Amino acid sequence: MADSNQTKKLLAQAMKDLMAREPFAKISIGDICTECLMNRKSFYYHFRDKYDLVNWIFQTEFLLTLRDAPKDLSILNRLCRYFYDNRAFYYNALSVQGQNSFQDYFREVLEPFMAYYAQAFFDGRNEDTSFFVTFYSDALIAAVLRWLSQKNPMAPDKFQDLLLRTLQAGSTLLTPPAN
C-alpha cells in the first residue's frame, strides 16, 4: 500500500506543478504522466480522471488533517491558509465548473459545515436551512475564487477576518430594528 500512496503522491505533485503553469482544461492525462515519468495505466489504476486526482489532493492534503480538529471557526482559518499556500493550484481548480469539477466537490464538502451552523438559526426548518447552505456555500466559493485570482492576494488571516465580519454585518443589517 505504501507504493500505491507514493504513486498517488507523485501524480498529485505532477498535477500541482502543471496547474501552476497551465489551465486545467489544457492538461491531459498524458501530460500528468509525462511530468512524473509514469504511464497512463498507472494513472488509471489510481484515479478515474484528472478531476478525481484534484479532489484526492484536497482530501489528503486538507480534509484528512481535520479529523482531530475542533469543529469551530479554526477550520476556516486553516482552509484560508491552505488555499493561500496553494493559491495557483486552487485558483485553477476552482475556476473549472461543471460535472465532476473541484468546485462541485468543494461545495459538497462545505455543505455539511454550513448546515451545522445553520441549524442554530433556523430551528429545524429544512427549507430555510437549505437556502442558507446553498447561498453561503456559493458565496464562499465565489469569494475564495476572487481572492485567489488577485495578483497579490491579502494574507489569509485578513481574508478570514473579512469573511467573518461580512457575515456578522449581514446578520446585523438584516435584523429589524427594535420598536
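## Salt bridges

The side chains of Arg165 and Asp161 pair up in a salt bridge, at 3.5 Å from N to O. This model is predicted. Why can these two side chains meet? Arg165 and Asp161 sit 4 residues apart in helix 9 (residues 156-173), so about one helical turn separates them. Arg165 is partly exposed, at 47% relative accessibility. Asp161 is also partly exposed, at 38%. Elsewhere, salt bridges with shared partners link Asp104, Arg107 and Asp138 into one network.

Arg107 and Asp104 lie 3 residues apart in helix 7, about one helical turn. Asp104 is partly exposed, with a relative accessible area of 30%. Another salt bridge joins Asp52 to Arg48, with the closest N and O atoms 3.8 Å apart. Here Asp52 is buried, at 18% relative accessible area, whereas Arg48 is exposed, at 64%. The whole structure holds 7 salt bridges.

## A nonpolar surface patch

Which residues form a nonpolar patch on the surface? They are Leu73, Phe113, Tyr116 and Tyr117. Together they have about 370 Å² of accessible area.

Phe113 belongs to helix 7 (residues 102-122). Its relative accessible area is 31%, so Phe113 counts as partly exposed. Patch members need over 30%.

## One cavity

The count is 1 cavity of 30 Å³ or more. The largest cavity has a volume of about 30 Å³. Its lining is made of Phe24, Tyr51, Val54, Ala93, Val96 and Phe102. The lining has 6 nonpolar residues, no polar ones and no charged ones.

Terms used. Residues are numbered from 1 along each chain as its sequence is written. This is a predicted model: local features need pLDDT of at least 70, side-chain atom pairs count only at pLDDT 80 or more; totals for chains, interfaces and linings use all residues. Side-chain values use heavy atoms; hydrogens and water are left out. Patches are made of residues with over 30% relative accessible area and no salt bridge: like charges are joined within 9 Å, nonpolar side chains (Val, Leu, Ile, Met, Phe, Trp, Tyr) within 5 Å. Accessible areas come from the Shrake-Rupley method with a 1.4 Å probe; for residues, only the protein chains shown count as cover. A salt bridge is a side-chain nitrogen of Lys or Arg within 4 Å of a carboxyl oxygen of Asp or Glu. Helices (H or I, at least four residues) and strands (E, at least two) are DSSP runs, numbered from the N terminus. Buried means under 20% relative accessible area, exposed over 50%, partly exposed in between (1.4 Å probe, protein chains only). On a 1 Å grid over the protein atoms alone, a cavity is a set of points where a 1.4 Å probe fits but cannot get out, and a pocket is an open set with protein on both sides within 12 Å along at least five of seven lines; lining residues have an atom within 4 Å of a point. Grid points are joined across faces, edges and corners, and a volume is the space filled by probe spheres set on the points. Ala, Val, Leu, Ile, Met, Phe, Trp, Tyr, Cys and Pro count as nonpolar, Asp, Glu, Lys and Arg as charged, and the others, Gly among them, as polar.
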